[in-house]
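Please look over the sequence and the structure before reading on.

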2 protein chains.
Amino acid sequence: MSKTKRKSGARRIEPARRSPCPLACSLDLVGDRWTLLIIRDLLLGRSRFRDFTASPEGIPTNILSDRLERLLQQDIVEQIPAPDGSKRFAYRLTEKGHALRSVLGALRDWGLEWLKGTQVLLEPKRR
Amino acid sequence: MSKTKRKSGARRIEPARRSPCPLACSLDLVGDRWTLLIIRDLLLGRSRFRDFTASPEGIPTNILSDRLERLLQQDIVEQIPAPDGSKRFAYRLTEKGHALRSVLGALRDWGLEWLKGTQVLLEPKRR
């Protein structure tokens, strides 16, 4: 009976892949209406749960909790101490998460060019 | 009683926008696990309903029908006569749809760099 497959502390759960296609595998992780908006907010310097819920799209808190957990499992986001010194956690992007910047840029540029009435409203938060 | 808001032949249904953010608006249209895989197949020269269902991810036919209808409504895809001369339709990307190539490229590159075991398998179909 080997225990090597379940190390304590290993929390990564690999999702079932639909194919080895890198596009499909990326969409398995970030292919939904909300995840990349959380990445956007993190890139803009937001870090706390309440920062994300304050964004104009109004993400439901149950969806936010689910997506943050998945992003943690996938090493796209990591937990850090809250900036106010409270017991709550805050979040920041890992290198893997920062690398999604090009994906967000491409989607933003497509929206700006092809979807009428879109405009960049959110500004980076001062630290 | 004005009729100007409902012209016959106008089939576009604008989805409810969550914000004017171009990223959020783009995700309202293509933010799911399947839509960009259909765009991938179209960019690779596939055009028929059965071509899309034959891709390795195995898209369910009800989801494929729903996504193709949405892509038609949004002028991302257009219908063309089937290449075999049958009564069925085929599909091709509009200019707006082709412009999503940069989004797919960014997601593919991120997957290739950060997700182990991914590889580019699908080749462009010969016409």
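How are H6(A) and H1(B) oriented to each other? In this predicted model, helix H6 (residues 101-114) of chain A packs against H1(B) at an angle of about 90°. Angles from 65 to 115 degrees count as roughly perpendicular, and H6(A) and H1(B) are therefore roughly perpendicular to each other.

**H6 of chain A against H1 of chain B**

- The axes of H6(A) and H1(B) are 8 Å apart.
- On the H6(A) side, the residues that meet H1(B) are A:Leu104, A:Leu107, A:Arg108, A:Trp110, A:Gly111 and A:Leu112.
- Their counterparts in H1(B) are B:Pro22, B:Leu23, B:Cys25, B:Ser26 and B:Leu27.
- Sorted by class, the contact of H6(A) with H1(B) has eight nonpolar, two polar and one charged residues.

**H2 of chain A against H1 of chain B**

- Helix H2 (residues 35-43) of chain A packs with helix H1 (residues 22-30) of chain B at an angle of about 165°, and their axes are 10 Å apart.
- Angles over 145 degrees count as roughly antiparallel, so H2(A) is roughly antiparallel to H1(B).
- The two helices, H2(A) and H1(B), cross in a right-handed sense.
- A:Leu36, A:Leu37 and A:Arg40 in H2(A) meet B:Leu23, B:Ala24 and B:Leu27 in H1(B).
- This contact of H2(A) with H1(B) has five nonpolar residues, no polar residues and one charged residue.

**The contact between the chains as a whole**

- Chain A and chain B each give 40 residues to the contact.
- On the side of chain B that touches chain A, at least two residues come from each of H1, helix H2 (35-43) and helix H6 (101-114) of chain B.
- H6(B) supplies the largest share of that side, 11 residues.
- By class, the side of chain B that touches chain A comprises 23 nonpolar, eight polar and nine charged residues.

**How the two copies are related**

- Two copies of a chain are related by a rotation about an axis and a shift along it.
- Here, chain B is superposed on chain A by a rotation of 180° with 0.0 Å of shift along the axis, and the RMSD is 0.0 Å.
- The two copies are thus related as by a two-fold rotation axis.
- B:Asp32 has the C-alpha nearest the axis in chain B, at 2.1 Å from it.
- Of the interface residues of chain B, 100% are also interface residues in chain A, so the copies meet through the same surface.

Conventions
Residues numbered from 1 in each chain as written. Chains lettered and ligands numbered in written order. Predicted model: local features only at pLDDT ≥ 70, side-chain atom pairs only at ≥ 80, totals over all residues. Axes fitted to C-alpha atoms, helices over the stretch in contact; angles between N-to-C directions. Helix = DSSP H or I, 4+ residues; strand = E, 2+ residues; numbered from the N terminus. Parallel < 35°, antiparallel > 145°, perpendicular 65-115°, else oblique. Left-handed = near helix turned anticlockwise from the far one by under 90°. Contact = placed C-beta atoms within 7 Å. Nonpolar A, V, L, I, M, F, W, Y, C, P; charged D, E, K, R; others polar. Least-squares fit on C-alpha atoms with pLDDT ≥ 70 in both.
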